[in-house]
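Trainee: Please show me the model, and then let us go through some of its local geometry.

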Amino acid sequence: MISLAQILDETTPFLPHIMVYAKGFRSFFNLSFVTKGQLSFAEDTLYIGLASQIGELHSIENAVLLLVIDSDHLLTGVSFENTVIVGYPRETDSFQMFNKIKSLFYKEWDFLNYSVKLLDIFVKCDNLNSLVEMIASFVHNPVQIMHSSYKVLAYSKLCKGDDAPWNETNERGYFTYEYTSAIYRFNASSVIPKDNTPYYLKLDISPLRRLISKIYLNGVHLGYLVTLETNQTLGTLDKELYKLISNLCAKTIKSELKMLTHKGYENTEYLLIDLLEGAIANRSIYLNRIKNTNLNKSVLFQLISIDIEKYAHEDATDNFLKRSLKDIFPIPRVWSLYYHDRVVALIGVKSDDGISDTARRLLDNFFQENSLCAGVSDVFSDLYNLPLFYRQTTSALRISSLLQTDGTVFDYDDFKFYDMLLTVRNSENLKIDLNQYSCLTIMQIQAYDKKHGTDYFKTLWTYLNTDKNLTRTAQALYIHKNTAAYRINKLKQLFGIDMENNFALFKLYYSYLLLTCAEL
């Protein structure tokens with residue numbers, strides 16, 4: 001079915017102009033030349049010809065005509081009902097235009113024929129393995145179906161490709177974090193569709209392109225349909241057809257994952273993703289699913305989200321990051337997965353103190369050496385509330401970046417006050433100016449600094465943040481200790497600050513945090 005909009009777009013080089021137009025959606029199944037003296041027209045047919053061929057008609061009904069205006073004063077005195085006439089300059093070659101539009105019809109007919117074949121494939125396939133083999137035979141290239149966490153759900157075994165990274169991934173059953181970080185960097189530098197529109201992926205680790213379509217079901221991202229361009233070029237593959245194939249994969253993925261769950265073959269990674277997505281309807285279902293995993297053997301957990309934006313390991317096929325996390329957290333254990341452009345690791349911990357000091361030092365050193373950083377949640381015991389603790393990790397990463405905080409491991413506990421203030425400030429229901437809640441003394445200090453070019457505001461914050469230690473204050477500000485002492489005394493004299501009054505100092509401290517958040 002071809003629409004009028006498609007026709008006008010296709011014939012743009014012929015300079016169309018609409019002469020007669022009746023509102024309503026127009027689509028066509030057939031294409032025909034106007035014959036001389038033609039008296040009637042079919043509604044589902046698009047007609048092409050010369051205006052002079054219309055003859056002595058007094059009225060035209062239910063027609064769409066593409067006419068080359070080969071003479072002046074044509075179509076005068078003719079009445080039109082539910083008709084569209086598009087005119088083209090007299091020098092237009094009507095045969096050339098006909099052939100161009102005919103190719104559009106052929107393409108549409110091919111698409112319909114392929115669609116029927118695909119539906120036949122879908123009916124015949126009762127699992128992902130058979131589906132992926134049928135798709136590979138259809139596109140004449142090796143095919144993978146990946147979970148959104150980059151775990152291989154199925155791949156074609158009959159149609160193979162001579163590509164080492166492709167074959168190693170299939171054998172391993174998942175993409176390494178090193179591989180996914182390379183994909184992340186590619187995506188960050190490219191325009192990637194937000195729907196299932198296919199796009200090409202070309203990485204340094206392989207000379208072959210991948211054609212990728214994201215797989216969605218009811219707006220939920222389930223995974224990826226990936227085709228390796230090795231046996232036959234994919235340039236001739238219709239992108240709309242590939243989207244249709246992607247859509248066919250969606251329901252099969254969902255039903256197969258559900259089938260595995262019902263049979264008791266629960267995959268810990270899929271359970272964690274469903275928890276993160278809030279896709280588990282109630283606690284009863286959660287308890288039934290977790291009993292088939294080893295997660296219930298740990299009582300306490302912490303969650304960390306690792307930013308891999310700058311991570312670039314020399315070998316994308318090496319499992320270096322996953323292996324290193326297991327080495328750092330051997331007991332009780334660690335579960336990690338790829339989620340929303342980050343590596344998310346669930347750490348089993350022994351006490352309310354969370355990750356041990358030894359493990360934290362190892363983690364910090366590893367992150368420094370590999371250009372990584374992470375947000376760390378509070379300690380918790382109820383995995384059903386995993387989305388809450390995931391949000392803590394992402395908030396810690398976001399706020400530490402906004403504050404330009406030094407370090408690689410950022411505990412949410414250190415940023416809770418900022419998070420609370422930012423949540424209040426950004427609330428759609430509460431339009432609040434945080435500055436109005438700052439104490440008067442802080443406002444006076446800021447005004448004084450602005451007028452006199454002094455730096456008392458920063459000096460006071462540094463002094464309070466170093467437990468009123470003049471030596472550390474001077475070191476942090478790169479000034480002499482005597483200069484720091486002088487500034488603190490001036491603060492006392494100018495603004496009447498009592499450095500021994502804890503409540504007064506608390507007001508100064510929280511006011512500084514308010515003003516900092518107001519500027520973020």
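This is a predicted model: local features need pLDDT of at least 70, side-chain atom pairs count only at pLDDT 80 or more; totals for chains, interfaces and linings use all residues.

Mentor: Residues are numbered from 1 along each chain as its sequence is written, and side-chain values use heavy atoms, with hydrogens and water left out.

Trainee: How are H15 and H16 oriented to each other?

Mentor: Helix H15 covers residues 470-477 and helix H16 residues 481-495; helices are DSSP runs (H or I, at least four residues), and strands likewise (E, at least two), numbered from the N terminus. Their axes are 8 Å apart at an angle of about 105°, where axes are lines fitted to C-alpha atoms over the stretch in contact and angles run from 0 to 180 degrees between N-to-C directions. Angles of 65 to 115 degrees count as roughly perpendicular, so H15 and H16 are roughly perpendicular.

Trainee: How many disulfides does the rule give?

Mentor: A disulfide is a pair of cysteine sulfur atoms within 2.5 Å. For cysteine 373, the nearest cysteine sulfur, that of cysteine 517, is 19 Å away. The count comes to zero.

Trainee: Is asparagine 218 buried or exposed?

Mentor: Asparagine 218 sits in the loop between strand E13 (210-217) and strand E14 (220-228), and its phi is near 55°, a positive value in a residue other than glycine. Buried means under 20% relative accessible area, exposed over 50%, partly exposed in between (1.4 Å probe, protein chains only). At 76% relative accessibility, asparagine 218 is therefore exposed.

Conventions: Angles under 35 degrees count as roughly parallel, over 145 as roughly antiparallel, 65 to 115 as roughly perpendicular and the rest as oblique.
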